[in-house]
Amino acid sequence: ISCIRSTIDGNMTTFTARGQYRLMTAKILVIACGALAHDLMRLVRLNQWTHVRIRCLPPALHNQPDKIPDAVRAQIEKSRAHYERIFVAYGDCGTGGKLDDMLLQYGIERLPGAHCYEFFAGSDEFESLAEAEAGTFYLTNFLTRHFDRLVRKGLGLDKRPELKDLYFGNYRRLVFLAQDDNPDLREMAEEHADFLGLEYQYQFTGTAHVEQCLREQVVRWQE
């Protein structure tokens, strides 16, 4: 909880598997989007990946994706002397390939896929959802919890409700990609769909795809 709150406020935080604030030399550093903080830390704790550190960047960077590559680069430069390996828990996230171009310079890998929706749902399932309805707005657990801050206020809909049609006029459906079966979040997501005037669909994803990727890309470096 502290992780998500601090990243929303625009701060970068480093966590160990025990959830403590800590900055130290470790084997592996994962530079992550703050929107993934809760799920990544849970996976680290459950798998007892004590050799992994998570460093979260503000999720608000997604409102200005052109800034993501430089923000990630800054953390790589700051940290690479202190860690044996670095992995980036971002999709392309609207950077138009610029994040990949930057990571290639360092020989650093990232999560596969264009965005968090794809690597939570899995590429095949996400492709099916997109083909069924191209005009789909997606929510994860994080976005559902912080919809008011990131969507209502972030897009200015709280002050200019007429902008809702401008932003969401081409959408037809809202799909809640749930990382756990939380009735409160399901209710919140449905309320968000009603607010946007979109058809609501619930899709449980869990975190298996993200865990598999981390296991393949990160745990192998423990050997």
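In this report, a residue is called buried when its relative accessible area is under 20%, exposed when that area is over 50%, and partly exposed in between (1.4 Å probe, protein chains only). By this rule Cys93 counts as buried, because its relative accessibility is 11%.

The structure is a predicted model, in which local features need pLDDT of at least 70 and side-chain atom pairs count only at pLDDT 80 or more, while totals for chains, interfaces and linings use all residues. Residues are numbered from 1 along each chain as its sequence is written, and side-chain values use heavy atoms, with hydrogens and water left out.

## Overall architecture

The protein has 223 residues, and buried residues account for 50% of them. Its secondary structure consists of 11 helices and seven strands; these are DSSP runs, with helices (H or I) of at least four residues and strands (E) of at least two, numbered from the N terminus. The accessible surface amounts to about 11300 Å², and carbon and sulfur atoms hold 46% of that area. Such areas come from the Shrake-Rupley method with a 1.4 Å probe, and for residues only the protein chains shown count as cover.

A contact means heavy atoms within 4.5 Å. Of the contacts between residues at least 6 apart in sequence, 71% join residues at least 24 apart.

## The nonpolar core

In soluble globular proteins, nonpolar side chains tend to be buried together. A nonpolar core is here a set of buried Ala, Val, Leu, Ile, Met, Phe, Trp, Tyr and Cys residues joined through side-chain atoms within 4.5 Å. The largest such core contains 66 residues, and Leu36, Ile54, Val72, Tyr90 and Phe137 have the most contacts inside it. Strand β2 (residues 26-33) gives the most to this core, with six residues.

Val72 touches Ile31, Leu57, Val88, Tyr90, Leu99, Met102 and Leu103, when residues up to four places away in sequence are not counted.

Strand β2 also holds Leu29, which is buried because its relative accessible area is 0%. Beyond its neighbours within four places in sequence, Leu29 is in contact with Arg53, Arg55, Ser79, Tyr83, Arg85, Ile86 and Phe87.

Leu177 belongs to strand β6 (residues 173-178) and counts as buried at 0% relative accessibility. With neighbours within four places in sequence left aside, the contacts of Leu177 include Tyr117, Ala121, Leu129, Tyr138 and Thr140.

| Pair | Separation in sequence | C-alpha to C-alpha distance |
|---|---|---|
| Leu29 and Arg85 | 56 residues | 6.3 Å |
| Gln75 and Cys56 | 19 residues | 9.8 Å |
| Leu177 and Phe204 | 27 residues | 5.7 Å |

Gln75, listed in the table, lies in helix α3 (residues 68-79) and counts as buried at 11% relative accessibility.

## The largest pocket

Rolling a probe the size of a water molecule over the atoms shows where empty space is left.

At least two lining residues come from each of α5 (116-121), β5 (136-139), α7 (141-145), α8 (147-153) and α9 (163-168). By class, the lining has 22 nonpolar, seven polar and no charged residues; here Ala, Val, Leu, Ile, Met, Phe, Trp, Tyr, Cys and Pro count as nonpolar, Asp, Glu, Lys and Arg as charged, and the others, Gly among them, as polar.

## Residues in loops

Thr140 is placed in the loop between β5 and α7 and is buried, with a relative accessible area of 2%. Apart from neighbours within four places in sequence, Thr140 is in contact with Cys116, Tyr117, Phe120, Phe176, Leu177 and Gln179.

Thr207 occupies the loop between β7 (199-204) and α11 (208-217), and its relative accessibility of 8% makes it buried.

Most residues other than glycine have a negative phi, and most peptide bonds are trans. Gln48, in the loop between α2 (37-46) and β3 (52-57), has a positive phi near 55°. Gln48 is exposed, with a relative accessible area of 62%. Cys93 also has a positive phi, of about 55°, and is found in the loop between β4 (83-89) and α4 (98-106).
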